[in-house]
Amino acid sequence: MQQQVVTLPKPITLDGETVSKITISREPIGSEMGQYTAFDLMEGNLKALAYVLPKITRPQLSRKMILAMGATNQLALTGGFVRFFDGLDLDGLVETVDTTKTETAIPTTKSPAKAS
């Protein structure tokens, strides 16, 4: 299982302690995404980050904390999420099929000869 360790450009305070590294412990599963998509997270959609990251970060970040962070920390967390897709070879996973070259004619059959 992959984890992403994100170094925050501007450390934050959690429970009285200074925290400079956040671990994104795993890739979120579909039910944890709510109405958001992986593309929303990859684009840095703040509402999407605040919804999903509390479910997969250590130490756990609250929605409120993510929304209150500076843009540089939010961007760093976005980068951590995007790293789950490094090396994903879409060309090897998706095949394009040209449907204009397939035969569309319906084969015909001969009618049986009538007996005279």
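**View 1. Y36 and its polar contact with Q35.** The side chains of Y36 and Q35 make a polar contact at 3.2 Å (a pair of N or O atoms within 3.5 Å; within protein, one must be able to donate a hydrogen and the other to accept it, and residues adjacent in sequence count only if both atoms are side-chain atoms). This is a predicted model, in which local features need pLDDT of at least 70 and side-chain atom pairs count only at pLDDT 80 or more, while totals for chains, interfaces and linings use all residues. Residues are numbered from 1 along each chain as its sequence is written, and side-chain values use heavy atoms, with hydrogens and water left out.

View 2. Y36 sits in the loop between α1 (30–33) and α2 (38–42); helices (H or I, at least four residues) and strands (E, at least two) are DSSP runs, numbered from the N terminus. With a relative accessible area of 16%, Y36 is buried (buried means under 20% relative accessible area, exposed over 50%, partly exposed in between; 1.4 Å probe, protein chains only). Neighbours within four places in sequence aside, Y36 is in contact with N45, K47, A48 and Y51 (heavy atoms within 4.5 Å). From Y36 to V52 the C-alpha to C-alpha distance is 8.5 Å, at a separation of 16 residues in sequence.

**View 3. Salt bridge between R26 and E32.** The closest N and O atoms of R26 and E32 are 2.5 Å apart; a salt bridge is a side-chain nitrogen of Lys or Arg within 4 Å of a carboxyl oxygen of Asp or Glu. R26 is partly exposed at 24% relative accessible area, whereas E32 is buried at 14%.

**View 4. Salt bridge between R83 and D86.** A search of the whole structure finds two salt bridges, and one of them joins the side chains of D86 and R83 (2.5 Å, N to O). D86 is partly exposed, at 46% relative accessibility. R83 is also partly exposed, at 47%.

View 5. L88, L90, L93 and V94 make a nonpolar surface patch of about 420 Å². Patches are made of residues with over 30% relative accessible area and no salt bridge, like charges being joined within 9 Å and nonpolar side chains (Val, Leu, Ile, Met, Phe, Trp, Tyr) within 5 Å. Accessible areas come from the Shrake-Rupley method with a 1.4 Å probe; for residues, only the protein chains shown count as cover. L93 belongs to helix α6 (residues 90–93) and is exposed, with 61% relative accessibility.
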